[in-house]
Amino acid sequence: MECNRCDAEAVMHAAYSGAHLCADHFRESVEKRVRRRVRRDDLVPREATPENPQTWVIGLSGGKDSVVLTRILHETFAEDPRIELIGLTIHEGIEGYRDASLEACVELAADLGIRHEVVSYEAEFGVRMDDVVEDDPENMAACAYCGVFRRDVLSRYAAEFGADLLLTGHNLDDEAQTALMNFLEGDVAQMAKHFDASLGPLSERRDQEAFVPRAKPLRDVPEKEVALYAHLEELPVHMAECPHSSEAYRGEIQQLLYGLEENHPGTRHSILSGYEELASIVAQRYEDDDGERADLRECVECGATTTRDRCRKCSLLASLG
Ligand code: SF4
């Protein structure tokens, strides 16, 4: 099959748009979607100038998503003195897994010439995920502990590095799954939080001074296209799956979405765009008169912003002793 835009052979077919694209036009299309998302979410504010540059911290895990995001943002802003990129890698303490992906991050950062920082759960909290899984005092999936610790480390270090933005490599499949899970669980508060934390134009989100704003510029690109982009660009990507990966419910939703997408191409896009609009409306419900989230307070132990007396991270660390 030929590419729709030139005579070269197509390397991919996107059923949701009907496009057949060759390698060059496919790469161009992925980069265009990321740049369009940066513009639509107004991630580069007017006040950004070469004299007043913005610092963007990217959560860099070494997996395909964060590696592709880092590469495209670097290509986009390499010659732009208004944006400085920092890669932040978290070492969870998972034997035989994170060491290999850390190598991919170090290689990428060196190739691109960007600053790269590494933080470990062991240094931060005195725990390693391998031991957490063994103890499991809350009888939960590994990812439930790991996600709480990761969010805490990313937010704190982004603030410490003076970041204006914290970017993560969530793709279209990740975000459509999360949207559907929140909806099926009836978790309306989580929808509001999701919007304020990372979706929609920055100007429309509630201004929470305690948090570095987050952004997900890869969220218009399906997972398989991210993988194909990484492959075509021969990026240093760590492909192995975490041995503690255990999100059974997310796996079910993923399978459900694969089926829906096959029979009804474009389902993921429509889920996400409808969800973003809904979440934006819901977020307004949780504001007080000053436009702030009314349910936020400081954790009595670490001072982090939370909706409880003691934040989830401090509760988990207490259970882990
Ligand atoms: Fe942590 Fe789960 Fe990711 Fe493994 S799969 S690194 S346990 S969040």
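## Reading helices, loops and a pocket

Analyst: Let's start with a pocket. In this predicted model, the lining of the second largest pocket splits into 7 nonpolar, 1 polar and 7 charged residues.

User: How do I read a pocket like that, and how much space lies in the second largest pocket?

Analyst: The general idea: rolling a probe the size of a water molecule over the atoms shows where empty space is left. Here, the second largest pocket holds about 370 Å³ of space.

User: Which residues lie nearest the centre of the second largest pocket?

Analyst: Those are H13, P222, K224, E261 and R268, out of 15 lining residues. Two or more lining residues come from each of β1 (12-14), α9 and α10. The top contributor to the lining is α9, with 4 residues.

User: α10 keeps coming up. How do I read its packing against α11, and at what angle do α10 and α11 pack?

Analyst: Two packed helices are described by the angle between their axes and the distance between the axes. For α10 and α11 (residues 267-285), the angle is about 115° and the axes are 8 Å apart. Angles of 65 to 115 degrees count as roughly perpendicular, so α10 and α11 are roughly perpendicular to each other. On the α10 side, L257, L260 and E261 make the contact, and on the α11 side T267, R268 and I271 do. By class, that contact has 3 nonpolar, 1 polar and 2 charged residues.

User: What does Q177 touch, and is Q177 buried or exposed?

Analyst: Q177 lies in helix α7 (residues 172-184). Leaving out residues up to four places away in sequence, Q177 touches R250, I253, Q254 and L257. Buried means under 20% relative accessible area; Q177 comes in at 5%, so Q177 is buried.

User: What about backbone angles? Which residue has a positive phi of about 50°?

Analyst: As background, most residues other than glycine have a negative phi. E234 is the one with a positive phi of about 50°, although it is not a glycine. You'll find E234 in the loop between α9 (223-232) and α10 (248-263). With a relative accessible area of 72%, E234 is exposed.

User: And where does D42 lie?

Analyst: D42 sits in the loop between α1 (23-40) and β3 (54-59). Its phi is positive too, near 30°, and D42 is not a glycine either. D42 is partly exposed, at 30% relative accessible area.

Methods
Residues are numbered from 1 along each chain as its sequence is written. This is a predicted model: local features need pLDDT of at least 70, side-chain atom pairs count only at pLDDT 80 or more; totals for chains, interfaces and linings use all residues. Side-chain values use heavy atoms; hydrogens and water are left out. Buried means under 20% relative accessible area, exposed over 50%, partly exposed in between (1.4 Å probe, protein chains only). Contact means heavy atoms within 4.5 Å. Axes are lines fitted to C-alpha atoms, for helices over the stretch in contact, and angles run from 0 to 180 degrees between N-to-C directions. Angles under 35 degrees count as roughly parallel, over 145 as roughly antiparallel, 65 to 115 as roughly perpendicular and the rest as oblique. Ala, Val, Leu, Ile, Met, Phe, Trp, Tyr, Cys and Pro count as nonpolar, Asp, Glu, Lys and Arg as charged, and the others, Gly among them, as polar. On a 1 Å grid over the protein atoms alone, a cavity is a set of points where a 1.4 Å probe fits but cannot get out, and a pocket is an open set with protein on both sides within 12 Å along at least five of seven lines; lining residues have an atom within 4 Å of a point. Grid points are joined across faces, edges and corners, and a volume is the space filled by probe spheres set on the points.
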